[in-house]
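Q: Could you walk me through one part of this structure up close, and then show me what else there is to look at? I'd like to follow along on the screen.

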Amino acid sequence: MTHRHRTITASFAGAVLAAAIASALPAAAQVKDHRQIQHPPMRPFSVPEPERITLPNGMVVMLMEDHELPLIEAFARIRTGTRLDPPGKAGLGTIFGQVLRTGGTRRMTGDQLDDFLESRAAEIETGVGPDSGFANMSCLSQDFPEVAKVFAEILREPVFAEDKITIAKTAVRAGIARRNDNPQQIVFREFNKLIYGDSSPYAVVPEYATVDAITRDDLVAHHRKHVQPNRIILGVVGDFSAKQMAATLRDLFKDWPKGPAAGDPAAAIQAKVSPGIRWIQKEDMTQSNIVMGHLGIQRDNPDFFAVEVLNETYGGSFAARLFSNVRSRKGLAYTVNGGVRANYDYPGTFNTFMTTKTETTAAGLDALLEEIDAIVKNPPSEAEIKRAKESILNSFVFNFASRSQILNQQITYAYFGFPADYLARYRENIEKVSAADVARAAARYVHKDQLAILVVGPSKGHDRPLESFGKVTRLDISIPEPKAAAAPAATKESVARGRALLDKIVSGLGGAAAVDAVKATRITSSMTAKTPQGEMNLKVVATVSLPDRLRQELDTPMGRMVTVLAGQDGFMVMPGMAGAQPLPDSRRADMARSLRRQALVLAQHRADASLKVQHAGTEGVDGTQAEILLAALGEDEVRLWVDPASGRVLRQAYRGQGPAGPAEFTVRYSDFRQVAGLTLPHKNETLLDGEVQQSAVVERIEVNPPVDAALFAKPESAPASGDGKR
């Protein structure tokens, strides 16, 4: 039973129970205070137990009949996990879990599997989490024999098709590219590194380099080692006879030989958590995300049930201390929660988390530290314990919402070596917890002096410096770029030829005087862009105010989208978005780089020491033997293909962030015309890793138009709903 599940359902279950009792009382017996309601004792109950058998090859099978609907579900838990990813290949388990299903089998391709299942309204899904893998299926009872055959083929004979591996890698790369956009993902990802250690499999995350290192042979080897019948627990629930199902499964898997005995190494966790305060700068936020904590416990800890009650009183519901004191009474938090978390076979974390306005960051830290101190020094009262236990027990019924849910829990307990009656005894163990047990658990598992504290947010606007809490260590969350092909070493000759080629570009644009006179431009274009939904026609207006301001307005079928770069700041306004929002750091950096790559900007910086250029050879471009200029303004490297006769830039290429992470961008320019003394292209085509992604026709170019500074000023947003305190 997860903390989140219990939090959502506790108040609902309690309300339903109270309403049922109240409606059963005569009017004269109704009470005026809900605390006077006398709850009848809960009825005794028993948890349905699956029939358990072990096949000759070591596969454990659990069967549970359920004849309510003509459906059958199967759940295979596989003894693997991303914690087994080899060093240097983080992401292997994630990719394996996807391609196990999408990559097809010896008999069917992944696409044929899709068609087969869709025609029967059946589903098969696979995946890998930190400590286990899974393969699940569901179908109509009448289709079970043929769907189960395919299910077995996926487990036994996956082919890991290369094209599906590429798709899976692209999805992981896209996640890497976006991983710093969501502050809560950042705070808990980096918190895990502080608690478990940077190199622990519970903290390591995929990088572009580790994903690139993964091959089909790695997936095949992972399957051979970890997907063996004696490493699988298979549960089946639904409309069938257990006796017949057992025979069917024996026949289905009879020729799958038993694999080597499981002996996976334990995943490393650092021995000691280093306390202190860390900070991650994220300027595209208007609030601070805060988490603090240390190692928690495992679920087999004898104090687990006391900790469950402790968590409920501390941060598990609307009546808990964190919510009541930090959010409701002090008005400091948008979100606040916390508790001593327990994983099945490795320690969870004790953590306390909140989001608060930037200007109440220090006050929020004070409030959390106060609550952590208080839960130990002033442990929960008898009344708090009573309310917490009632909340937990009232929501306990939701563990039995369906037989498939019960079976999944039994599979989990069997997988991690817990007794079969663990779920049935859960209620009894919660009822036994006393106030003394909770006080002892708080003192044993909550340590204010061992807290690792992490703050994610902007650098300005704090009510008090973070240094007032101690030494602050700044963490770097920049995403390592994959290694690009090394540029040729610069020589005196290549640099001199590069300078001469840059002079040709200046001349081709219209000459030094015309180039240096440009302070602003506004370009209006019609663009056709490829999207996951098909081609989309857009109207684009890009206004540049040099050196570092750019406003892009896109009229789309969904409405107008505006993104603005204003030096070190930026914002965006999107259809359906409430007001202007800060521009994500990654997007702001991309827009700044796009400015510095433009031929006109490079030409204006021709005398700057920060501009490095060199000649990098020649290459044919549409019948012209172009000379290649390698230029870098700061660290932003770009290659320009230049017509040596006219000085026109025919093409540019650079590494940038695509939808799925770093990619090679190529822009082709054509239809050059004179505008205000400059010669500029009026058509362009952008390719991403060799495929055309968008094309644009310029309708109008304005050089040095009047530019209102308000275009780059963030508009005032409407006030958020609420009391305005948080």
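**A close look**

A: Let's start with what lies over the buried residues of helix H11: the cover includes helix H10 (304–315), strand E10 (335–343), strand E11 (347–357), helix H12 (361–377) and helix H13 (382–395). Please keep in mind that this is a predicted model. H11 itself spans residues 321–329, and its buried residues are Arg321, Leu322, Phe323, Asn325 and Val326. Just past the end of this helix, have a look at Gly331, whose phi is positive, at about 60°.

Now let's move to a sheet. It is open and has six strands, in the order E1-E2-E6-E3-E5-E4, and the pairing is mixed. Its edges are strand E1 (51–54) and strand E4 (123–128); each has a single partner strand, so one side of each has no neighbour in the sheet. On average, neighbouring strands here are turned by 15° against each other, ignoring direction.

Strand E2 (residues 60–65) and strand E6 (residues 232–238) run parallel and are joined by six bridges. If you want one to find on screen, pick Glu65, whose bridge partner in E6 is Gly238. Helix H14 (residues 403–415) lies across E1, E2, E6 and strand E3 (71–78), and runs at about 20° to E3.

The loop between E2 and E3 holds Leu69. Together with Leu71 and Leu140, Leu69 forms a nonpolar surface patch with about 240 Å² of accessible area in total.

Finally, a few charged contacts. The model has 38 salt bridges, and one network of them links Asp303, Asp437, Arg440 and Arg444.

- Asp585 and Arg588 meet in a salt bridge at 3.5 Å, N to O. Both belong to helix H19 (residues 585–597) and sit three residues apart, about one turn of the helix. Asp585 is partly exposed at 22% relative accessible area, while Arg588 is buried at 17%, because the cut-off for buried is under 20%.
- Arg560 pairs with Asp555, with 2.7 Å between the closest N and O atoms. Arg560 is partly exposed, at 45% relative accessibility, and Asp555 is partly exposed too, at 30%.
- Asp548 pairs with Arg549, the closest N and O atoms being 3.0 Å apart. Asp548 is partly exposed at 29% relative accessible area, and Arg549 is partly exposed at 33%.

Key:
Residues are numbered from 1 along each chain as its sequence is written. This is a predicted model: local features need pLDDT of at least 70, side-chain atom pairs count only at pLDDT 80 or more; totals for chains, interfaces and linings use all residues. Side-chain values use heavy atoms; hydrogens and water are left out. Two strands pair if DSSP finds at least two bridges between them. Helices (H or I, at least four residues) and strands (E, at least two) are DSSP runs, numbered from the N terminus. Axes are lines fitted to C-alpha atoms, for helices over the stretch in contact, and angles run from 0 to 180 degrees between N-to-C directions. Contact means heavy atoms within 4.5 Å. Buried means under 20% relative accessible area, exposed over 50%, partly exposed in between (1.4 Å probe, protein chains only). Patches are made of residues with over 30% relative accessible area and no salt bridge: like charges are joined within 9 Å, nonpolar side chains (Val, Leu, Ile, Met, Phe, Trp, Tyr) within 5 Å. Accessible areas come from the Shrake-Rupley method with a 1.4 Å probe; for residues, only the protein chains shown count as cover. A salt bridge is a side-chain nitrogen of Lys or Arg within 4 Å of a carboxyl oxygen of Asp or Glu.
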